[in-house]
Amino acid sequence: MKLLIRYVKNQGQGEVSEQVVLNNSVLSIGRGTNQNILLPDSKVALDHAKLFVQDNGCKIVSSSGKYVVKNSQVVKRCSLKLGEDIEISGHKITLLPAESDYDLVLLVSIGSVEQAPLQNRYKLSFSDLKFAKRRWSWTLFWSILSLCLLLPAAGLMNPVWMEQLRQSPLPDDSQWSAGDLIKPHRFIGDDCAQCHTDAFVPTSTETCVSCHSSVNDHVNDMTLSTPVDEIMECTSCHKEHNPQETLSHYSQQICIDCHLEPIKDSSENIKFETATDFELAHPAFKVSVLTALTKNKTIIDWQPKRHPLKDNQFIEESNLKFPHKTHMNPEGIKSPQGDMTLVCADCHMPEIDGGEMKPITMEKNCQNCHQLTFDMEDPTRVVPHGSPSDVVLMMREYYAFRYIYQNLDNKSDQNDIVNAGNIFDARKARRPGREKKLRKDFQHLLNEQTVDSIEKLTKQTIRSDGLVWAESRAYVAATDIFERQACDVCHVVTKNNDAEIPWQVKPVKLTKQWLPLANFTHDAHQNSNCESCHEASSSKVSSDILIPDIDNCQQCHGGEESHNLIPNTCIDCHDYHDAKTHVLGRQGLSQNTDSPLPQTKIALE
Amino acid sequence: MDNLFTYRNFRYFKLALWLTIIFSAIYIWHEPGQPKNGGTWFGYTIGTVAALLILILMYFGRRKRNYFSNFGTVKGWLSAHVYLGSALLILATLHTGFQFGINVHTLAYALMCFVIFSGFYGAWAYVYLPGQKRENLKTISPEEYFQSIEDFDRQIMTLAKGLSEKLNLLINSALERTELGGGLMNQLSLRDKSKLVVDDRILANENQSNCINLLVAELAKETEQEKSNQLKTIIELFGSRQRALKVLRQDIKHNSLLQLWLYFHVPVSFALLAALIAHIVSIFIYW
């Protein structure tokens with residue numbers, strides 16, 4: 001069999017070819033020089049494969065451990081038809097049809113197979129990584145939408161579902177909470193529907209009032225010149241889910257919105273003057289002074305009267321005589337325990353909440369020095385701090401009693417006013433036992449009738465004697481105590497000789513709450529000296545009003561924006577909801593009769 | 001020549017700046033009578049503006065594919081995308097009133113921040129990395145580097161034929177087992193995970209240095225002049241190959257960095273869109 005082997009290889013720009021003629025039916029292929037088809041390449045084995053010529057083609061069998069590539073397939077052995085080719089390490093062997101006088105032509109292209117470029121061996125670019133932007137986008141989109149919106153929203157359809165959702169580890173509607181609830185609302189827990197009753201509907205005032213039923217409106221039953229519609233919802237001021245400890249943001253802007261102009265009542269009288277800033281625009285203080293309401297010169301009630309402090313004309317008519325200056329004498333004042341120097345706190349103690357002062361009472365604050373004695377001989381004996389009739393009655397009883405006991409003591413009292421009864425010694429006559437003996441003695445001298453009449457006369461005389469003595473002593477003592485001593489020192493005492501008890505003491509009523517519209521607390525001002533606000537040590541009369549005006553506060557307190565003073569906003573001193581008149585379970589009852597703090601009722605006129 | 005930053009004399013930069021300044025001023029000035037938050041009149045306003053901005057910014061991804069659209073130029077859109085996206089960061093922060101928590105609202109904000117900052121990285125990469133890339137390649141294309149490596153390989157293989165079977169195997173395995181690129185971490189790290197085979201053992205060949213060291217050791221033992229010359233040439237060729245591989249590795253890293261951020265930027269922006277919808281709807285469900 002005559003075979004033509006044609007070698008073709010690239011050289012420079014062109015190709016060179018070389019032909020070898022063989023007369024074999026079996027050809028060896030390899031790198032070795034003894035091979036029939038020589039492939040000069042280190043990647044080819046010395047003896048790589050055998051080629052068996054057959055009818056219309058040939059068969060390739062590789063040596064052990066070697067292979068050939070046919071149609072890009074790695075094979076150990078294969079058959080080759082006319083026109084087909086195989087590759088060995090990039091060298092191509094093609095079987096061509098017979099030509100001229102050769103039975104078979106083999107075209108061996110040395111290094112003709114373009115080896116795949118080096119780039120293709122590696123994953124070199126980012127797109128080779130096959131990341132899927134689009135798939136990730138939609139996966140993230142739908143998972144977040146389902147977990148954060150659709151799933152909790154499904155719970156809204158049915159409260160039972162929502163409860164199941166909250167019990168499960170799946171995300172529930174708590175993820176929608178924009179912030180923690182304030183402490184007093186924490187008991188609501190995760191039950192959003194307690195306040196958010198309807199989806200897509202803002203929380204209403206009705207929802208708040210379902211718990212907070214006793215909260216008063218700020219502008220209760222008032223006709224005001226400024227419309228207040230826009231702040232009538234609770235949620236206009238009270239914002240939940242905000243990171244702070246109070247529900248409301250006490251910005252004075254809320255107040256200024258209305259109080260920029262004076263607030264008038266229905267009859268166009270100014271009820272509240274413009275107040276926009278404590279430091280810059282706040283009206284002077286008005287005090288509420290308890291003032292007597294009289295009818296036929298009799299006090300029937302006490303009502304607070306509002307009065308501006310700046311007038312300096314107004315006085316407190318409490319009917320108490322009390323000079324602070326005398327009591328606060330730094331050199332001390334006389335007392336049963338000797339000279340003592342009083343300080344404010346000896347009399348004035350704050351209530352537990354620090355707002356008002358505890359009431360001043362005779363028993364607690366005055367009596368230690370101002371003892372209600374009336375008889376020099378009996379310095380421990382005092383009259384009650386009560387009505388004049390009680391005082392007079394007590395004195396009469398005292399002197400009557402004393403008359404009896406003085407006489408019974410058988411001590412001749414040289415200063416006795418009454419001597420008329422000394423016909424016989426009445427003191428002895430009253431003694432049992434002695435009476436019999438005396439009677440016996442007299443019976444010797446007088447007949448029975450005479451003795452009886454004398455005895456009767458004597459008894460009457462003694463009785464009227466005692467009465468006259470006791471009454472006159474009581475009158476003297478009462479005149480002394482009412483007009484010169486104890487009572488008159490502190491009280492306004494009037495005299496009407498026609499009356500059964502000629503002395504009347506005007507009732508005393510001390511104003512307890514001077515600034516009822518402000519929440520002043522003494523607790524917060526403990527470090528201040530009392531006198532820095534209340535000029536008591538120079539006050540000679542009790543009618544002086546010792547409440548300081550706003551300029552005193554403004555020494556330390558400034559407006560909301562103040563930098564060098566304590567910044568204060570409206571709500572620091574003023575209640576919005578008038579919370580002090582809380583009803584504490586008295587709902588439905590009239591507040592006029594049941595208010596726990598009746599004196600806080602303020603007449604604004 | 002306008003680039004995306006200087007487009008039309010900083011038109012969108014100015015727009016973004018004014019938006020930021022005006023809204024920041026209102027934020028500082030306004031007194032809502034409650035803690036500043038997304039629920040005040042200003043909060044709703046700026047929230048609406050921010051939500052619309054997010055939609056506009058996301059539409060850029062659609063617009064850049066509309067090759068036949070005349071609705072602004074893509075460069076203009078990109079310029080607006082970058083500047084308005086930066087402004088969005090501030091506007092949305094003002095919308096929060098600096099109130100954050102573990103909830104869907106803060107989730108939306110956090111996702112938005114992630115998208116914006118990944119966008120900042122993208123903008124930085126588009127500006128900075130091409131220069132780095134050019135500097136690294138030194139006006140030679142990566143293909144040319146590959147061709148030169150192939151060239152070195154061919155020469156090395158030719159020269160290696162004359163050496164001992166052991167060296168031949170070593171050199172061939174070093175060529176065969178040279179690694180380049182690969183998975184994400186391989187593309188991003190410059191580490192060479194190439195290997196070589198010595199005495200049937202696979203050894204690390206980081207930066208081809210192990211191969212070169214072994215060949216140098218062989219060179220020291222070599223006594224034949226011709227073979228030592230051959231070895232020297234092979235070592236030199238490995239050196240050149242090493243440099244080319246280093247350049248290519250750096251180039252692969254640059255290419256990955258230029259694309260990687262977008263694979264976060266886009267999917268997370270869709271996550272943001274979902275969180276934004278959840279945020280808005282949930283706010284009004286529990287008004």
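This is a predicted model: local features need pLDDT of at least 70, side-chain atom pairs count only at pLDDT 80 or more; totals for chains, interfaces and linings use all residues.
Residues are numbered from 1 along each chain as its sequence is written, and chains are lettered from A and ligands numbered from 1 in the order in which they are written.

Chain A contains 15 helices and 20 strands, where helices (H or I, at least four residues) and strands (E, at least two) are DSSP runs numbered from the N terminus. Of its 605 residues, 32% are buried, buried meaning under 20% relative accessible area, exposed over 50% and partly exposed in between (1.4 Å probe, protein chains only). Among the contacts of chain A with a separation of 6 or more, 46% involve residues 24 or more positions apart; contact means heavy atoms within 4.5 Å.

An open sheet of five strands in chain A has the order β4-β3-β5-β6-β9 and mixed pairing, two strands being paired if DSSP finds at least two bridges between them. Its edge strands are β4 (37-38) and β9 (77-81) of chain A, each of which pairs on one side only. Within this sheet, β6 (residues 57-62) of chain A is joined to β9(A) by five bridges in the antiparallel sense, and A:Lys59 stands opposite A:Ser79 of β9(A).

A further antiparallel pairing, over ten bridges, links β15 (residues 286-295) and β16 (residues 298-308) of chain A. A:Lys295 has A:Thr298 in β16(A) as its bridge partner. Two residues lie between the strands of this hairpin, and A:Asn296 takes a positive phi near 55°.

A:Tyr7, located in strand β1 (residues 3-11) of chain A, counts as buried because its relative accessibility is 11%. Although A:Tyr7 and A:Val108 are 101 residues apart in sequence, their C-alpha atoms are 4.7 Å apart in space. Not counting residues up to four places away in sequence, A:Tyr7 touches several residues, including A:Val16, A:Val20, A:Ile37, A:Leu38, A:Val108 and A:Ile110. A:Thr479 lies in helix α11 (residues 448-484) of chain A and is likewise buried, with a relative accessible area of 12%. With the neighbours up to four places away in sequence left out, A:Thr479 touches A:Arg484 and A:Trp503.

Chain B comprises ten helices and two strands, arranged along the sequence as α-α-α-α-α-α-α-β-β-α-α-α. Buried residues account for 47% of its 287 residues. Of the contacts in chain B with a separation of 6 or more, 68% are between residues 24 or more positions apart.

Helices α2 (residues 41-63) and α10 (residues 262-285) of chain B have axes that come within 11 Å and cross at roughly 150°; axes are lines fitted to C-alpha atoms, for helices over the stretch in contact, and angles run from 0 to 180 degrees between N-to-C directions. The two helices, α2(B) and α10(B), are therefore roughly antiparallel (angles under 35 degrees count as roughly parallel, over 145 as roughly antiparallel, 65 to 115 as roughly perpendicular and the rest as oblique). The residues in contact include B:Tyr44, B:Ile54 and B:Met58 of α2(B) and B:Phe270, B:Leu273 and B:Phe284 of α10(B).

Key: Side-chain values use heavy atoms; hydrogens and water are left out.
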